[in-house]
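Thank you all for coming; today I would like to walk slowly through how the chains of one model hold on to each other. Please have the structure open while I talk.

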Number of protein chains: 4
Amino acid sequence: MSLLYDPLFTTDRFAELFGDRVTLQRMLDVEAALARAEAAAGVIPASAVGAIAAQCDAAGFDLAAIGRAAGLAGNVAIPLVKALTAKVKVADAEAARFVHWGATSQDIIDTGLVLQLREALDLLDADLARLSTATARLADAHRATPMMGRTWLQQALPTTFGLKVAGWHDALLRHRARLAELRPRALVVQFGGAAGTLASLGSAGADRLADELGLGRCALPWHGQRDRIIEVAGFAALLTGTLGKFARDWSLLMQTEIGEVFEPAAPGKGGSSTMPHKRNPVGAAVVLHAANRAPALVAGLYAAMVQEHERGLGGWHAEWQPLAELLQITAGALARCCETVEGMEVDAQRMRANIDITRGLVMAEAVMMALGAKIGRLAAHEQVEEACRLALAEGRHLRDVLGEDEFIAAHLAPPQLDALFDPCGYLGSADRFVARALAQGGGINPET
Amino acid sequence: MSLLYDPLFTTDRFAELFGDRVTLQRMLDVEAALARAEAAAGVIPASAVGAIAAQCDAAGFDLAAIGRAAGLAGNVAIPLVKALTAKVKVADAEAARFVHWGATSQDIIDTGLVLQLREALDLLDADLARLSTATARLADAHRATPMMGRTWLQQALPTTFGLKVAGWHDALLRHRARLAELRPRALVVQFGGAAGTLASLGSAGADRLADELGLGRCALPWHGQRDRIIEVAGFAALLTGTLGKFARDWSLLMQTEIGEVFEPAAPGKGGSSTMPHKRNPVGAAVVLHAANRAPALVAGLYAAMVQEHERGLGGWHAEWQPLAELLQITAGALARCCETVEGMEVDAQRMRANIDITRGLVMAEAVMMALGAKIGRLAAHEQVEEACRLALAEGRHLRDVLGEDEFIAAHLAPPQLDALFDPCGYLGSADRFVARALAQGGGINPET
Amino acid sequence: MSLLYDPLFTTDRFAELFGDRVTLQRMLDVEAALARAEAAAGVIPASAVGAIAAQCDAAGFDLAAIGRAAGLAGNVAIPLVKALTAKVKVADAEAARFVHWGATSQDIIDTGLVLQLREALDLLDADLARLSTATARLADAHRATPMMGRTWLQQALPTTFGLKVAGWHDALLRHRARLAELRPRALVVQFGGAAGTLASLGSAGADRLADELGLGRCALPWHGQRDRIIEVAGFAALLTGTLGKFARDWSLLMQTEIGEVFEPAAPGKGGSSTMPHKRNPVGAAVVLHAANRAPALVAGLYAAMVQEHERGLGGWHAEWQPLAELLQITAGALARCCETVEGMEVDAQRMRANIDITRGLVMAEAVMMALGAKIGRLAAHEQVEEACRLALAEGRHLRDVLGEDEFIAAHLAPPQLDALFDPCGYLGSADRFVARALAQGGGINPET
Amino acid sequence: MSLLYDPLFTTDRFAELFGDRVTLQRMLDVEAALARAEAAAGVIPASAVGAIAAQCDAAGFDLAAIGRAAGLAGNVAIPLVKALTAKVKVADAEAARFVHWGATSQDIIDTGLVLQLREALDLLDADLARLSTATARLADAHRATPMMGRTWLQQALPTTFGLKVAGWHDALLRHRARLAELRPRALVVQFGGAAGTLASLGSAGADRLADELGLGRCALPWHGQRDRIIEVAGFAALLTGTLGKFARDWSLLMQTEIGEVFEPAAPGKGGSSTMPHKRNPVGAAVVLHAANRAPALVAGLYAAMVQEHERGLGGWHAEWQPLAELLQITAGALARCCETVEGMEVDAQRMRANIDITRGLVMAEAVMMALGAKIGRLAAHEQVEEACRLALAEGRHLRDVLGEDEFIAAHLAPPQLDALFDPCGYLGSADRFVARALAQGGGINPET
C-alpha cells in the first residue's frame, strides 16, 4: 500500500481490498467460519463459536507486531492464530483450545485469499460490463465516422472509428466469458491440515467450511496445486494486454500531429501551464504502465507454481504480493479505460482531414480495383502505380494526376473518380462488422 | 528447429508441426481454401481454383529464398504470395490474378497459425487424457500406500502416495476443462484485408473461409486484438506449471537419500557408467526445463499484445517463434510426464522406511491428539513435547521414550501406543480425498 | 509498504528507504539542492535558497493529498512542487517564484531515485562484504569436511563442504566487482527541463546540481535512456539468482532425510509445536521467494526501457514500484543469507554418514581408476560395473563384494581397497580450489 | 534455426554460430584442446592427441542421431563423447581410452558455449562500434536541425535531431563499457569433472585447458554458479532495451502524419504495391520484436540460476536455447539499427514544419520567460495563458494573438516577438549537450 502511488495505479477499493487490514480480516473471517463449521459438524463444542467469532475482528490486532512475528515464523497466519488464541483465552479459556482446530496456516491464508479474489472478480466483472457498454455505445455512435486505418504505424486504408471501437468491444466480451468460466475453479475453499489429509480432524469439515463461506467445495486440498489461483493471474494479464492495446491506440491518436481523440479533460489532469498545447494522456500512461507490469508479474506467478510436495518452499510466498499487485493494477487500468471511453472526445473532422494527408494516395487501391474491373487488374495496377509516383514526385493530389491522364479518363469519368476518392465508399464490411460485434453482446444495435 | 535439441525438449510431431515446412504449408492451405471460398461466393472465377490449389504444396517452394525475402519484406507471407502467384502464372496466367484475392498477409499468417494451433490443441488434449488416465490408475493403486507428507521440504505428517498422485490428477482435469473452453475462442478464422474492413472484397468471404477450413467464424477481424491467440499461450504456461510441480515432486522423491519413486529405466537413459548408483531424472530435467521457460515465453507474449491500431509493429512479430516454442516445450513436457507416470517405479517399502527416519517424531501429533482426549489438549501437548525433546537428545525412538513415562503409560497402554505409531492410523481423509478426485473425472474407482 | 509483509521480505531500512516518506524526502532534497546550485550559478537569487530549503522536509507534507493529486496529474512531482511552492510562498512570496526553476518533474523524480539508489547500493555492498566474509570463514573451516557432491539431485562423487561454500564465495566476489563497476553509470544527476534541452535555464546547472548532491555529472540528460537505472535492476536480479542458488542448496541439505546443515535456530522461527521434528527453513523460503520474483520484476523493467521520444508514456511509470520492490526483496534475501551463513549449523557427521548411504557405490569411480592403472581402463570398468550390479542386487557394500572377488583382490590388496573407499582420498583438487577462491578475495587463508 | 525466420530476426553469422553444427563443433574444439592440455600435463599420453584431434570435426558426426540419443541421455555431450570415442577407436584404440579424460559433460558443453560467447561478444562489440560511429556522425550532422521534442507522445518544446541522436550515442558508449567489463568474467574455462573436484584427474588441467583455448582461468569450477553466463544475457537484454527505444523513436517519427525520418529504402523492403504511400518500418519491427522478446528470455535465464548442488536439474537445460536465441535476436536488432542509422533519411523541412503545427503554442514557454523577465513570472504566466486560450479557441497563431494585445506589445516589440517564435532561439543547451556526448567517445566533434 502506498499513499503516493495507489491513487495513480489502482482504485480505492482495490488498494483497500489487498491492503494489510482487509488481508488480515479475511483470514479472521475464515477462522470464524471454521469454528462455526466445526461446531456444526460436532468437531468442536458449539459453545466455543461465539467466543472465537467475537475476536475475529482485524481492528483488535496489532498489524505491525503480527508482521514482525511473521518475519520469524514464515507467514502471517502463525502469529495471527497465536494472537487470536490469546485474545479468545482472555474471555473463554476453554474456547481458546478450539481456535484454528485442525487447520494449517496455509488453509487460512489460501482461503482468505480466495475471499479477496471473489470480491476482486466481482469488481472486475462489474467494470468489464461497464466498459463493454461504453464501447458498444461509442462503436455504434461512430459506425459512419471514417478515419484512417493504420498498419505498421503507417496510414493504410480508411476504416471507421466505429469498427476500431467494435474491435475493443469484441475482445471485452471474450474476457467476460473467461472470467465466468474460471470463477468456479478459483473460488473454492482450501482445507487440508498440516499435510493435506485433515489428519487430526477426520473427514468432516472442508465441505462445511466451503458452504459456510459460500465458496465452492473441492475434491481434495490444493496446497501444492496452484493452478486455481494462478489462472486468475493469467486472466488479469490477458485482460491487461487488451486494455494496453486500447491505451496504445488512443494515446497514438492523441498525438499532437494526429489529434483524433482525447481523454476526457479534468481539472489538474495532464495539463501543463507552461506548455498550454499539451494534453498528457494520463489515463493511457496508467494503463500502459499496467500492461508493462502485468506480464512480468504473471511470469513470476507461473514460475512459482513449481511447489514442492504437500506444501512448498518459497513458491507460495512468491504469490502473495505479486498476485495482489497484479489485480490492483488490472483494476486501476480497467477503471481508467472506463473513464476514458465513457468521456472520450472524438474529433471526427480531424479524422476526416487526416485521411487527406497523403493527397489521395491512400485511395489508390480503390482506384486500382475500379479500373481493374475495366482493363484488368495488372494493367490497372501499372497505371495507378505510375500515377502515384507522379503525384508523390510533384506533391500533387492523386485525383488530379489521374484526372489529367487521358487513358484513365477514358475509363473513369470525373464524377466516378471523385466518388472513388470518397473514403466512405471504400469501407468494405466495416459497418457489417460493427453490427455483428454489437449483436453478439446482446448489444444495443444488432445487425438486422 | 534443432536436430540437437528437439528430441530432448519436444515431440517429433510438435517439432514438425511448428517447423518451417508445415508452417508454410498451413499458409498455403489457407490460400487454397481462400480461393475455394471466394469462388463459391462468386468473388473470383471458379476456374481459378484448381490452378491455385494445385500449387499450394510447400514442397514446391524454396524455403531459404522465401526466408531471405521475408527478411526484407517483414513477413513470410509477402514473398510466399509472390512465389505462389508466379507458380500459378506459369500454368494459368488468368488464375494467377486471383491468388490471395482481397487478403492481407496477416490474414494468411494468422489463419495458418490457427490451423497449427488446432492440431496442437488436439494433440495436447490427447496427452492430457492419457496422463489423467495414468494418474488415476496410479492414485488408485496407491490409495493405501503410506508415505511421508512433506512441507517446506521437511517431513510433516504421513499421507499416502495415492493422495499425492490424486492431487496431480485433479489438476489435470481442470486443465482439460480449460482447454475445452478456450478452443472456440482460439480456433477462428482471420480475414479482414489490409485494414480489417475487407474493403476490396465486399462483405462476402470471412464466414465462407471459416467454413471451408472448419474453423469458427468471428464477428470481425482480430488483427490487432491478440487475446484469442495469447490465451492459448497462457493455458500452456499454466499447464506447464502444473507439470513442473509433478516433476519437482518426483525428482525430489528420486534423490539418493529418499529413493521412493523412480522414472522408468531405459537403455541410454540417465545412467552413468562411472557412477553406477546414479539414476538421473532425465524426464524431470526436461519438464523442469519447460516449467522454467514457459513463464518467460508467455510474459513476452502478454507484453506483445499491446499492438498498434489496425495492425501493429513488432508485437505481432514477437509472437511467432515464442508461441511455437512454448507449445513445443509444453508438448515435450507433457509427453515426458506421460512416460514417467505410466512407467513410474514406486518403492513402497522405502516410503514406509522413510516414515521412521525421525524415530517416531512425525507421529507426535497423533499421540498428542489421543492423549489430549484423555487429559486435555494443553497437558497432552506439554507431556509429548517433553518426550520429544528427550527422544531427540538421546537419539531414541519416541515410542520408547513415551513407553517409559509412567504418567503417559497410565493413559495409553502399550498396544494403544503401538497403534498410534502406525502411520496408517493417522491418514485422516486421505482415502476419501482420493476417491473424490477419481470420481469427478468419471474415474475408475469412485467413492461409494 | 506493508506492515504484514515487509518484515518477512525486506529489511527495516529498505522498507523505509523506498517507502512513501523517504521517497518524497529525496525529491525534496533535490529541490533544495537545485535552489542552492542555481543560486550559486546566479540563475536564481541567493535570497531564495533559505526559504525554499526550509520547506524541503517531507514531514510537512500531506502524503495522501499528494498521492491523490498525482492520480490526476500523472506523477508525484507535479503536486509536490505545487505544494512546496505554496508553502514557500507563505514565508517568502518572492522565493516561491524560484521553486523548481527550469526543472521538469522527471528531473526531480529521477534524481531523487538516484539518491535512493546510492544508499541502496551502499547497503547492498556492505551486506555483500559481510556475506563474503562469512562464506570465506565457513569455506575455510570446512576445507576438510567431506560430503557428497550431488548432481541432477543424485549423489555423484564426494566433495567437501568447504568447496561448496567456496563456490558461493567466489560468486559473491564477482557481484561486488559488478556493483563497483555500475556505480558511476547509475549514480548521476538527471537535469534537462521539459524537453531535455534546459531551454529556459541556459547551459548552467546540471553539473552544479550534480556536485551539490555528490552525484556524477553526465554528458546530457537521460530522460528517455533508461539503461543507467535498469542496469541496477539487472544487477539485483543476477545477485538474487546467486542467493537463490545458495538457499536452494541449504534447504535441500536441511531436508529431514539429508539433515547436513541447518539454518540457525531462533525462538519463534520455523518450529512447529505439533511437529517437533520440523525445522522450517524460513530463511530459505524468503530467499527463494526473492529469486522467484526478481526475474519477473526485471523483465518488466527491461521491457519498460522502450520509452518514446524525449520522455515516454507509461514505461517510466512502470519503473517506480517494481524497481523499489526488486531492491527491497534483494536486500531482504541478502540479509537472510548473511544470518544463515553466519549462524549455519553444520552436521559433519551426518555428511559423512550420507556418503555411505549407497554402500560404497559412490566410490566406484575411484576403484575403477585405481584398478584401471593396473589392468587397463576398459577391463577395470567391466570388473567394477559387474561388482556394482552384484552389490546393488544383494544389498551389500561394494567394498565387500570387491573384496570377495579373487581377480580384483589380486590387484588391490585389502588395505588398498579400504583406502579407496575413504572419500577423503578422492577429493581431487577440492582443497586447492578452496584455497584459490579464498586467495582472490584477499581471503583469509590463501594457497601457499 | 529456421530458414523462414532467421534472415528476418538475426544475422547470417549468428544463425550459424548458434546453429546445430557450430554448437557441436565448439564442443569438439574443447575435446581436442582437452587432449592437448592433458598430454602437455602428462595426464594422458602425447600419442593420443593426434588421433583424438583428428576426429574433432563436426562434419563427421550424424547430428540427428546425436540429438535422438541426447533425448534419452539428457544432454548432447553424452552421445557426442560416445560417438567421438567410437570414431577415435577405429583409428587408434589406445587413444580412444583418453577421450574426454576426467571431464564431465557439463565441462564440455559450458566451455563450448563460452567459445560461442567469445565470438558473439566480439561480433556484438564490432557492431556497437559501428553503430556508435554512425550515431556520432548523425548527431553531429544535425546539431542545428530543430525538431519538436515530444513527451508523453505530445509535442513539448523544440529540441534538435542532433540531441536526440546524441542521447542514443551516449547510451551506446555505456553499453560498450559494460561489454568490456563482463568479458573477463564470462570468457573463462569450465573444467571440474563429475562433482567439480577434478577427482579423477588430480590438480592439473583446468588452467592448461584455459590457456589452450585462450580463455580465462578461474579459481574453481562454476557448474552450479551461473552468474558468469547469465550476466551476458542481462547485458544483451539491457542493450536490446536501448535499441528498442531507438526503433520506437524512429518508427514514431516515420508515421505518415509526422514523416520526419525514414528507414533507408531498398527494393522489396516494406513497400506495398496497393498502398503506394506506405513505407513499412521493417527494421523497426525487427528491433521492437527483439525488445519484446529479450526481457522475457532473460527472465527465464535469471530464474534458471537457482540450480541445485554441484550440478542442477532442469535449470541448466533451460539456458541452452534461450541464451542462444537472446544473442541471436540481439545481434539481429543491432544489425538493423546499424543499417537504419547509417542510411537514415532525415526530412529536416518536415521537422521544421511540424514545429508549427500548434500555431505557435509550443513556444508559449519561451514567451512567458521573456515577458516574465520584464513583468514578473506570475503576471507573464497569466497573460500568456490567456493568449493561448484565445489562440486555441479561434484557431489562430499565438504570435498573432499576442501581437494584437496592447499590454504585451508594450513589453515585447514585434521583432522581439518574432524572435521568440523562432524555435532555434529556444534550444537551451542542446548544442552543448551534443558536443559533450560526442567528446566523451573520443568523438568526432568535441566541445571546444
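D:R217 counts as partly exposed in this predicted model, with a relative accessible area of 48%. Its side chain meets that of D:D211 in a salt bridge, with 2.7 Å from N to O, and D:D211 is likewise in the partly exposed class, at 43% relative accessibility. Salt bridges that share partners can also build up a network, and one such network joins A:D170, A:R174, A:R178 and A:E181 with B:R185, B:D227, B:R228 and B:E231.

Why might such pairs turn up at all? Side chains of opposite charge can pair when their charged atoms come close. Over all chains, the rule used here counts 152 salt bridges.

Let me take two examples that lie within a single chain. In chain A, A:E342 forms a salt bridge with A:R130, and the closest N and O atoms are 2.7 Å apart. A:E342 belongs to helix 13 (residues 317-343) and A:R130 to helix 8 (residues 105-141), so this pair ties together parts that are 212 residues apart in sequence. A:E342 is partly exposed at 45% relative accessibility, and A:R130 is partly exposed at 33%.

In chain B, the salt bridge between B:R26 and B:D29 has its closest N and O atoms 2.9 Å apart. These two residues are three apart in helix 3 (residues 20-40) of chain B, which means that about one helical turn separates them. Is B:R26 buried or exposed? With 16% relative accessibility, B:R26 counts as buried, whereas B:D29, at 24%, counts as partly exposed.

Now to the place where chain B touches chain A. Here 91 residues of chain B are in contact with 91 residues of chain A, and the area buried between the two chains is about 8,000 Å², with carbon and sulfur atoms giving 60% of it. On the side of chain B, the residues that lose the most area to chain A are B:W152, B:Y302 and B:H309, which together make up 11% of what that side buries.

Across this interface the rule finds 14 salt bridges, including one between B:E181 and A:R185, where the closest N and O atoms are 2.9 Å apart. There are also 37 residue pairs in polar contact between chain B and chain A. Which element gives the most residues to the side of chain B that touches chain A? Helix 11 of chain B does, with 16 residues. By class, that side has 43 nonpolar, 26 polar and 22 charged residues.

How are these two copies arranged? Chain B is superposed on chain A by a rotation of 180° with 0.0 Å of shift along its axis, at an RMSD of 0.1 Å, and the two copies are thus related as by a two-fold rotation axis. The C-alpha of chain B nearest the axis is that of B:A299, 2.7 Å from it.

Finally, chain D also touches chain A, with 38 residues of chain D in contact with 38 residues of chain A. About 3,400 Å² is buried between them, 60% of it on carbon and sulfur atoms, and D:W152, D:Q154 and D:E257 supply 21% of the area that chain D buries there, more than any other three residues. The rule finds two salt bridges across this interface, and the side chains of D:E257 and A:R150 meet in a salt bridge at 2.8 Å, N to O.

Key. Residues are numbered from 1 along each chain as its sequence is written. Chains are lettered from A and ligands numbered from 1 in the order in which they are written. This is a predicted model: local features need pLDDT of at least 70, side-chain atom pairs count only at pLDDT 80 or more; totals for chains, interfaces and linings use all residues. Side-chain values use heavy atoms; hydrogens and water are left out. Contact means heavy atoms within 4.5 Å. Buried area is the accessible area (1.4 Å probe) that two parts lose on being put together, summed over both. A salt bridge is a side-chain nitrogen of Lys or Arg within 4 Å of a carboxyl oxygen of Asp or Glu. A polar contact is a pair of N or O atoms within 3.5 Å; within protein, one must be able to donate a hydrogen and the other to accept it, and residues adjacent in sequence count only if both atoms are side-chain atoms. Helices (H or I, at least four residues) and strands (E, at least two) are DSSP runs, numbered from the N terminus. Ala, Val, Leu, Ile, Met, Phe, Trp, Tyr, Cys and Pro count as nonpolar, Asp, Glu, Lys and Arg as charged, and the others, Gly among them, as polar. Copies are superposed by least squares on the C-alpha atoms of residues with pLDDT of at least 70 in both. Buried means under 20% relative accessible area, exposed over 50%, partly exposed in between (1.4 Å probe, protein chains only).
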